Amino acid sequence: MTTTTMQPHCPVTRPKMGVAHEASERDHVTRPHDPIRDVFLAMDIPEDFHGEYLRGHIVMMSSASTIHNRIVMLIGQQAPEGVLSFATQGIEFARISDLPEPDVVFVEDGAITGNPSYVPAELAIAVVEIVSPSNWRKDLGDKLEIYAEGMVSTYVIVDPRDGTVAVHSRSDGKAYQDCSRYRFGDLVPMPYGSDLDTSRFPIYPPGTR
């Protein structure tokens with residue numbers, strides 16, 4: 001049974017679950033040229049690292065922890081028939097320069113053509129980030145803004161620090177208007193039409209950095 005609790009950053013408004021964002025007039029705004037973005041795209045990133053371009057900054061990350069990767073695996077395994085899950089898949093936007101690499105991206109099977117390094121954000125049914133103790137501000141701050149501005153229909157934040165899940169939805173192009181919060185162990189409604197079982201999600205041990 002799902003539960004929702006009030007948090008300052010996450011009002012108790014049930015998210016209006018839907019499908020991937022449909023085209024609107026905002027989608028036809030041309031993304032301005034960003035030379036730093038060009039530098040990032042031309043970089044040869046070392047094999048053991050991941051790179052993102054966020055808010056004008058190039059961000060490099062080392063390999064994630066086993067708890068982080070276990071949750072990524074458990075989430076991906078629950079993709080229903082007709083939906084694909086991609087781990088650490090970069091996405092790009094029509095309107096903004098940012099190039100995040102969500103921990104999990106859900107897309108409709110057959111929606112992606114060719115072999116792109118970055119999936120168009122409008123194809124994402126939902127993106128998921130698993131919070132890391134050392135860089136939690138990125139997932140709760142910058143990426144919350146980026147995904148809302150980029151019109152990602154649903155942004156799910158899984159936080160193993162305190163065993164919570166926040167589902168953000170219904171962006172107005174600046175911020176998400178709806179958010180529901182759950183605890184590990186709840187069934188979390190997802191926009192692809194079935195629930196995400198969080199009962200096997202582990203939490204970080206005390207003192208994790």
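Guide: Let's start with a cut-off: a polar contact is a pair of N or O atoms within 3.5 Å, and within protein one must be able to donate a hydrogen and the other to accept it. This is a predicted model, by the way.

Visitor: What makes the pair Ser171 and Gly173 a polar contact?
Guide: A polar atom of the Ser171 side chain lies 2.9 Å from the backbone nitrogen of Gly173. The cut-off is 3.5 Å, so the pair counts. The Ser171 side chain also reaches the backbone oxygen of Ala148, at 2.5 Å.

Visitor: Where does Ser171 lie, and why is Ser171 called buried or exposed?
Guide: Ser171 lies in strand 9. Its relative accessibility is 15%, and buried means under 20%, so Ser171 counts as buried.

Visitor: How many salt bridges are there, and what makes Glu129 with Lys143 one of them?
Guide: The structure holds 4 salt bridges. For Glu129 and Lys143, the closest N and O atoms are 2.7 Å apart. The limit is 4 Å between a side-chain nitrogen of Lys or Arg and a carboxyl oxygen of Asp or Glu, so this pair qualifies. Side chains of opposite charge can pair when their charged atoms come close.

Visitor: Which parts of the chain does that pair link?
Guide: Distant ones: Glu129 is in strand 7 and Lys143 in helix 3 (residues 136–149), 14 residues apart. Glu129 has 2% relative accessibility, so it counts as buried. Lys143, at 1%, counts as buried too.

Visitor: How do you know how exposed Arg161 and Asp159 are?
Guide: Arg161 comes out at 35%, between the 20% and 50% limits, so Arg161 is partly exposed. Asp159 has 5%, so Asp159 is buried. They form a salt bridge with their closest N and O atoms 2.8 Å apart.

Visitor: Why can you say that Asp162 and Arg181 tie parts together?
Guide: Asp162 sits in the loop between strand 8 and strand 9, while Arg181 is in strand 10 (residues 176–183), so the pair joins parts 19 residues apart in sequence. The closest N and O atoms of this salt bridge are 3.2 Å apart. Asp162 has a relative accessible area of 37%, which means partly exposed, and Arg181 has 8%, which means buried.

Visitor: What makes a set of residues a nonpolar core?
Guide: The members are buried nonpolar residues joined through side-chain atoms within 4.5 Å. The largest such core has 24 residues, and those touching the most other members are Ile75, Phe106, Val128, Ile130, Val158, Val165 and Phe201. Helix 2 (66–76) and strand 5 (104–108) are among the elements that each supply at least two residues. Helix 2 gives the most, with 5 residues.

Visitor: Which residues is Phe201 in contact with?
Guide: Leaving aside neighbours within four places in sequence, Phe201 is in contact with Ile71, Leu74, Ile75, Gln78, Val158, Phe184 and Leu196. A second, separate core of 19 residues includes Ala124, Val152, Ile157 and Ala166.

Visitor: How do you know which stretches to read with care?
Guide: From the pLDDT. The chain averages 82, and 75% of the residues score at least 70. Over residues 1–8 the pLDDT stays under 50, and the model has 21 contacts for them beyond four places in sequence. Residues 11–28 are also below 50, with 46 contacts beyond near neighbours in sequence. Where pLDDT is low, the predicted coordinates should not be read in detail.

Methods
Residues numbered from 1 in each chain as written. Predicted model: local features only at pLDDT ≥ 70, side-chain atom pairs only at ≥ 80, totals over all residues. Heavy atoms only, no water. pLDDT = per-residue confidence, 0-100. Contact = heavy atoms within 4.5 Å. Buried < 20%, exposed > 50% of the residue type's maximum accessible area, 1.4 Å probe, protein only. Helix = DSSP H or I, 4+ residues; strand = E, 2+ residues; numbered from the N terminus.
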